[in-house]
Structure formats: C-alpha cells, structure tokens
Amino acid sequence: MNTLRQVGRRDALRGVAALAASLALPSITHAQPAARVIVVGGGFGGAACARALKRIDAKLAVTLIEPNKTFTACPFSNEVIAGLRNIEAQQFGYGKLAAEGIDIVAQAVKAIDPQRRAVMLADGTSLSYDRLVLAPGIELRFDALPGYDESAAQKMPHAWQAGEQTLLLRRQIEAMEDGGLVAIAVPANPLRCPPAPYERASLIAHYLKSRKPRSKVLILDAKDNFSQQRLFEKAWNELYDGIIERIALSDGGRVTSVDASTNTIITEFGDHIAAVANIIPPQRAGRIAAIAGAADKTGWCPIDPVTFASKLLPDVHVIGDACLGGAIPKSASAASAQGKACARAIFDLLSGKAPETPKLSGICYDTVAPGYAFSLAGLYQSKDDIFAEVEGGGSSAVDAPREVRAREAEAARNWYTTITEETFG
Amino acid sequence: MASALINVPKRAKRGDIIEIRALTSHIMETGYRRKASGEIVPRDIITSFTCRFNGQEIFRADLFPAIAANPYFSFFTTARESGRFEFEWTGDNGFSQTASAAITVE
C-alpha cells in the first residue's frame, strides 16, 4: 500500500554527478569503520528512514534524535476530534527501533554545524555524522496571521500537530451548546496533508448531526479549489446538507486576522464569531531546518529529487513535510516512502555507488463518516530537478456506490495499521 | 456564490487612511486558449474597474488578459467626509456589475 518501488532505470547524468560528489568525500569508503548516520525527527519519515538504514546495512551506526518519547500520529486524528477514536490509538513509542540497534536520543537539537558535521544537543553534548537526515516535519507560523500566536492557539486550537491540541479541539466541540458554529480556517498551499481540513469538517459534521443537530461547520478557505473536492462535495450533499458551509477564496473566505479574546475570525470581506474556532495557520519546515540553514526563503527545504540531498548544505538530506517535494503531498505515506528511498540513496552514496532514481508512491485516505471513505494514490518521480507526478496513480470514482466507500473505509484502517506497524511496530 | 464583494469601513475619523477591497467573480478567459478541437476559446474578461465617492472618481484600473480569474483590488484613500462609494466593473460581452457601500466620517 505504501510501498517504495525502485526502478531499474538510472538517471545516468545525475548518477555520475552524485558518484563524483561521494568520491570527493575524504573518509568514506567500504574499508572504513561503520559510517555514522544521524536522523533528526522521529515521525513517519524519520523513523522509516532510520529503520530502513539499519535494515539495508546492519553495520551502519544509526542514531535517531527525537525529544518526544511518544509519537502522536496525525492520520486518523480527525476521528479523535470527532469523538470516534481515542488518542491512545494514535500513539507509538521507539522501543522496537531501539531493539533493532538504532540509538534513540531523546533530546532536542540546539544547533547543527554542517562544516564539522556535528549535531549539538540541548544538554551540551555533540554528535558527529557522515550523513545527516533532517525529518523535522512542520512548524506552525505564529508570525503569519495577525492575532494568532501560541497563546491564541490555547483558545483557538490549530490541532495541526496531533496531541494536546487535538484533545483541546475535541473538548471544545464536546462542550459547545447545540446551535453553535464551528469555524475552520484553512491556509493557502503548501500545507501538511492538503485534504485534511475537509476531512475534519466532515467528521465534525458527523458528530454534530447526531449530538448537536442545530450546529453548523463553516470552512473559511484561502483556496478556491482543494484536493478531492468533487468527492468531498458529493459526500457533503449526501450526508451533511445544510450542516457544512464553505466560503472559498473568491467568495471572500481568506482569513486575514483573528481576535482570540472574542473568538472572532476576520476575513477579507467579513467577520465571523465562532463558538469553536479551529485556526490552521500557514506553515513552514520544522524548526531544525531553519537552525541548520537547510530552509530557503520559502521556509521549506530545497532538495535533489534523487537523493534528497539538501541543495543548501553538504552531507545533509531532508525528507518528509519539510522538503520542497514538488508534486508530492505532505503526507505520512509520502514521508515514509521518502524515508526509505533516502536510506537507499545514503547507502549507495556511502558505498560509492550511483544512487538510483526512486519512484515514490503515496496514498491518502479521506474518511467523511464511519464506513465512508475515498482515496487518492499518486506515483512520483524526479523530472527537471523536482518530483513530478507520473502515470499510474488514481483517485476514487466520484460516482462509486456506497459499498465502495465502505470498502475504502476498511482499506483506510488497514493502511493505518500497516504504516504504523511498519514504522514503529 | 457572491458575484461582487466589497469591504469598506463603516466608520472612520476625518483624515484616516482607509483600505478598500473589492472582488468580483469572473472567469477572465484570456482569448489565447484553444479547445481540444483547435478553436480559440473567445476572450471574456473584465476591462475596467472604477470606484467613485459621492460621484467623483477616486480609483480606476484597466484590466487585461493576463489578470487572473476573480480579480481582487485593494487600495487606500483618505476619509474626508461621509458618503457613498460606488463600484463598477465592465467588460466583454456587455459585462456590467455594480456595488456600493456607505461610510460615516466623524
């Protein structure tokens, strides 16, 4: 489901360039002591990469730096918000990775010195590497939306990094009186998991329909079009007619500021006072990317689409939501595929081989109600120095019968079991 | 779908610099695209946007095919007296749209 397929064909020119670059490194050849690879960030991308490195070559010294002892997964966290699932079903530890010989360091990174190839930790210690993989995910921009800072997020949750914020939004919806308005502010692209705001709106509407039937969901959107739009809109007509309303960019839906003291959301053409305000702010690559100097002025990290090597720093690779992945969506599935492909490329580079051009697959399920889901599968390959979508992907049919939606809901659960087992189990 | 949206402050102090926003839904078809059959898709754009305050023109823009769908204008003016802003969009195929909003200047 979330497989990484290596294709046999090589990008000859790129391979030669990468080979030359790897030979230029002074100290890494087969005969040397085990190469050291540090992975920063233990989400779907980083954990998959660390694991794949160790499985490709058990002699590699692989360290995973992640300050949180427990990882809380975003996929399916919208079901937690809607009261359909407990947060514990989203949480995973790193015990199995440690048992495979991956060194788990539960600390925050303070600084990275790419010249000395060293990572400085919060406790003052320093770790050196031959190759560094950054998988820092996203950072929410508390400087991008006037009125929305970290303290405002305690009143108007973003719930865009799973954990306490997910539970806060759930409690607010549970405490809301019938007849209340739940507003969801959606930023422009790029954002983590592009269809997730609409899945969230759907599942909140599912909760309201049975528990608080006079309540509504209002989506204030900085986009005109969104991923899987026709499928979502069909589902909303079928299931949530009169419950979900969306104001698109060209209808004045872009949020320009918020006032947390009154729970007011201000758009270009009007104000909305919400009982529950879920503000999803603009995002950028996780904090570590900027500290390392791997992010460019977009806030994201430019990479080589064959090796995931940073275009700004030597010996550093960036995977997952933090990288500029071209057509690849910022999703758990894509991050996992990138982590595994990056591990293969690092192994090849360390062994003096030309890395193969990876073909990545990603799949994204959207659940709009229990037993009603659809999906989007994509295949991606490097083209003109960026990842582009290639033939072979596909979306659920808009006119599919409900049995198909029910089967896809089952497939979505199986996908989650598989990817979490593969990454953490 | 709202066809024209405007945002004018309801009140302002005399001398305040105020922001005015106007957006109208329009396809802004460039006239350069072709259908699968090879025929040109005819041009259909807004060609002019005007804002008047108490009858006097205060802002005008000419629009061209390179401007994206649903053109959005934001501009500033000084609040001098109470009155009414009138907005007018005109374009190809006899397109015409108007909107207005009042402001109280204290």
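In this predicted model, 31 residues of domain 1 of chain A are in contact with 33 residues of domain 2 of chain A. On the domain 1 side of that boundary, the elements giving two or more residues are α3 (77–81), β11 (138–140), β21 (358–369) and β22 (372–383) of chain A. By class, the residues on this side of domain 1 divide into 17 nonpolar, ten polar and four charged. The domain assignment itself gives domain 1 of chain A as 6–140 + 283–419 and domain 2 as 152–279, and the C-alpha centres of the two domains lie 29 Å apart.

**The nonpolar cores**

Let us look inside next. The largest nonpolar core has 127 residues, and those with the most contacts inside it are C49(A), L134(A), V217(A), C301(A) and V318(A). Helix α10 (residues 332–350) of chain A supplies the largest share of this core, eleven residues. Why does the core lie between domain 1 and domain 2 of chain A? Both domains give residues to this core, so it lies between them.

Leaving out residues up to four places away in sequence, L134(A) touches V40(A), G41(A), I288(A), A289(A), A292(A), A294(A), V316(A), V318(A) and A322(A).

**A parallel sheet and its helix**

Chain A also holds an open sheet of four strands in the order β14-β13-β12-β18, with parallel pairing. Its edge strands are β14 (244–247) and β18 (276–279) of chain A, each of which pairs on one side only. On average, neighbouring strands of this sheet are turned by 15 degrees against each other, direction ignored.

Strand β12 (residues 181–186) of chain A is joined to β18(A) by four bridges, and the two strands run parallel. V182(A) stands opposite V276(A) in β18(A). Helix α7 (residues 196–211) of chain A lies across β12, β13 (216–221) and β14 of chain A, and runs at about 165 degrees to β13(A).

**Where the chains meet**

How many residues does the contact take from chain A and from chain B? There are five residues from chain A and eight residues from chain B. The side of chain A that touches chain B has one nonpolar, two polar and two charged residues.

| Residue | Class | Other C-beta atoms within 10 Å |
|---|---|---|
| I40(B) | exposed | 11 C-beta atoms |
| D103(A) | partly exposed | 15 C-beta atoms |

I40(B) lies in the loop between β3 (17–24) and β4 (46–53) of chain B. Is I40(B) buried or exposed? I40(B) is exposed, because 11 other C-beta atoms lie within 10 Å, and the cut-off for exposed is 12 or fewer. Not counting residues up to four places away in sequence, I40(B) touches G31(B) and R34(B). I40(B) and A79(B) are 39 residues apart in sequence and 46 Å apart in space, C-alpha to C-alpha.

D103(A) is found in strand β6 (residues 103–105) of chain A. With 15 other C-beta atoms within 10 Å, D103(A) is partly exposed. Leaving aside neighbours within four places in sequence, D103(A) is in contact with V62(A) and T63(A). Along the chain, D103(A) and V404(A) are 301 residues apart, and their C-alpha atoms are separated by 43 Å.

Key
Residues are numbered from 1 along each chain as its sequence is written. Chains are lettered from A and ligands numbered from 1 in the order in which they are written. This is a predicted model: local features need pLDDT of at least 70, side-chain atom pairs count only at pLDDT 80 or more; totals for chains, interfaces and linings use all residues. A nonpolar core is a set of buried Ala, Val, Leu, Ile, Met, Phe, Trp, Tyr and Cys residues joined through C-beta atoms within 7 Å. A residue is buried if 20 or more other C-beta atoms lie within 10 Å of its own, exposed if 12 or fewer, and partly exposed in between; C-beta atoms are placed from the backbone. Domain bounds come from an automatic or database domain assignment. Two residues are in contact if their C-beta atoms, placed from the backbone, lie within 7 Å. Two strands pair if DSSP finds at least two bridges between them. Axes are lines fitted to C-alpha atoms, for helices over the stretch in contact, and angles run from 0 to 180 degrees between N-to-C directions. Ala, Val, Leu, Ile, Met, Phe, Trp, Tyr, Cys and Pro count as nonpolar, Asp, Glu, Lys and Arg as charged, and the others, Gly among them, as polar.
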